[in-house]
Amino acid sequence: MTNQLRHVTRALLSVSDKTGLIEFARALAAHGVELVSTGGTAKAIAATGLRVTDVSDLTGFPEMMDGRVKTLHPKVHGGLLAIRNNTEHARAMKAHGIAPIDLLVVNLYPFEATVEKGADFTECIENIDIGGPAMIRAAAKNHDDVAVVVEPQDYTAVLDELAANKGATTLFLRRRLAAKAYARTAAYDAAISNWFANELKTEAPDYRAFGGRRIQALRYGENPHQTAAFYRTPDKRAGVATARQLQGKELSYNNINDTDAAYECIAEFDPARTAACVIVKHANPCGVAEGADLVSAYRKALACDSTSAFGGIVAVNHMLDAAAARAITEIFTEVIIAPDATEEAIAIIANKKNLRLLLAGGLPDPRAAGLTAKTVAGGLLVQSRDNAVVDDMTLKAVTKRAPTEAELRDLKFAFRIAKHVKSNTIVYAKDLATVGIGAGQMSRVDSARIAARKAQDAAAALKLAEPLTKGSVVASDAFFPFADGMLACIEAGATAVIQPGGSVRDDEVIKAADEHGIAMVLTGVRHFRH
């Protein structure tokens, strides 16, 4: 690709975000660039004493219809779209008095921010930019001759090229900016279309688009031979995408994925009700507990599977305090994520230079609506977020023996966790702590046995006489298709079961529970997680 330098003689600036605008305008003027602008942007530039032509003077038409119509004019779009070395285009420009526009600087009406602040329908509609995307797409199409800038972060790159090339830009920069411009308008339109679908309660629109702004270019993906990057979407859900990283190495793809899993799970625990801790390894909880405070919750969670917790992700639902920070740093941990942290806790963690500390500023709402998406060959699978919460479910005792109050408390606790474990899922719990977790097995029986075996290993590590599954309760994310899975849980020592129900063999499973004196509760809600 040759440089194909194009001198910038005229620039049109029309920006919603005025960050760095004046400095950029001054630098353009210093290169002899004629400035054309619109509305508030023109006023801001003129207020500094810089010479600027209002777009109304360029087009001969005033801004009208509350600013809806101002740049949709041949003298704007002709100046952007004209191919400079095309004789027919040059003849048309001369005949109609159209001057070239060599640089377009536009950032769009803040539609995403308007939606985020909870504006009403009318205000959101008024913040849908029309002229901006039209100009951006025109300039990007004609990038052989025109440079287009859609955010202040690219001002420096443009100015560097003007300085290096005596007032000209290179084709390489113009193409890079054009690609970014189309991605920006695509993300903008995606935000609008998804907002419309939500407003109209259209669950499966004919077209579905997603877009986001890159937060971080990652070193690699799940494996070193895969490329990856992290993007923020307009959905401002508290978590890893909104968190402030105070210290530690750069997050990896797997760190981000696992941290998200941990924080979504900890959100199930209302901080006004209890302190709680979740430890995640490879996107699955390996220990979860409630406690009187964070340090006791952490130690109970760690006891479930201290082997898997090594190199894991820790999420807490309260402000991280010094006692919890000291306990967590006793073993190697990759990431800690919390709503906030005390200065003392931050100082303690600072002694572990590679440990990442993320402060998310709040907890995500487990009941909030939203979308999740997964790619498959040639397509996207899109679904609503699993926002079912056990506290909102009608629990039905179906066995001769109903659960005790203590069992029911632990059953609800276990079902909260099952929602966040890869299917097939079995979670044993006792005294508001997990004591065995079986995840992601092809057979529910295998999940039950693996979880029981992990409990045996934990008991050996803690020098207990018997595993904590003895006298525990158990949660299954989906129904037991046969009694065998439940019988494996009973063999491990479970005294009560919570599961969705809905199998054609529910009667057989309930009968087996009754034969063993087990209490069983049905939720009517399944929590598959693949």
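## Contact between H17 and H18

In this predicted model, Val445, Ala448, Arg449 and Ala452 of helix H17 are in contact with Asp484, Gly485, Ala488, Cys489 and Ala492 of helix H18. By class, the residues of this contact comprise six nonpolar, one polar and two charged.

Helix H17 spans residues 444–462 and helix H18 spans residues 483–492; their axes come within 8 Å and cross at roughly 10°. Because the angle has this value, H17 is roughly parallel to H18. The crossing of H17 past H18 is right-handed.

## Burial of H8

Helix H8, formed by residues 131–141, is mostly covered, with eight of its eleven residues buried. The buried positions are Gly131, Gly132, Pro133, Met135, Ile136, Ala138, Ala139 and Ala140.

Several elements contribute to this cover, including strands S2 (10–15), S5 (103–107) and S6 (147–149), together with helices H4 (74–81) and H10 (171–199).

## Packing of H8 against H10

Helices H8 and H10 pack with their axes 9 Å apart, at an angle of about 150°. An angle over 145° counts as roughly antiparallel, and H8 and H10 are therefore roughly antiparallel to each other. Their crossing is left-handed.

On the H8 side, the contact is made by Pro133, Ile136, Arg137, Ala140 and Lys141; H10 contributes Ala178, Ala181, Tyr182, Thr185 and Tyr188. Of the H8 residues in this contact, Pro133, Ile136 and Ala140 are also buried. The residues of the contact of H8 with H10 divide into seven nonpolar, one polar and two charged.

Note on methods
Residues numbered from 1 in each chain as written. Predicted model: local features only at pLDDT ≥ 70, side-chain atom pairs only at ≥ 80, totals over all residues. Heavy atoms only, no water. Axes fitted to C-alpha atoms, helices over the stretch in contact; angles between N-to-C directions. Helix = DSSP H or I, 4+ residues; strand = E, 2+ residues; numbered from the N terminus. Parallel < 35°, antiparallel > 145°, perpendicular 65-115°, else oblique. Left-handed = near helix turned anticlockwise from the far one by under 90°. Contact = heavy atoms within 4.5 Å. Nonpolar A, V, L, I, M, F, W, Y, C, P; charged D, E, K, R; others polar. Buried < 20%, exposed > 50% of the residue type's maximum accessible area, 1.4 Å probe, protein only.
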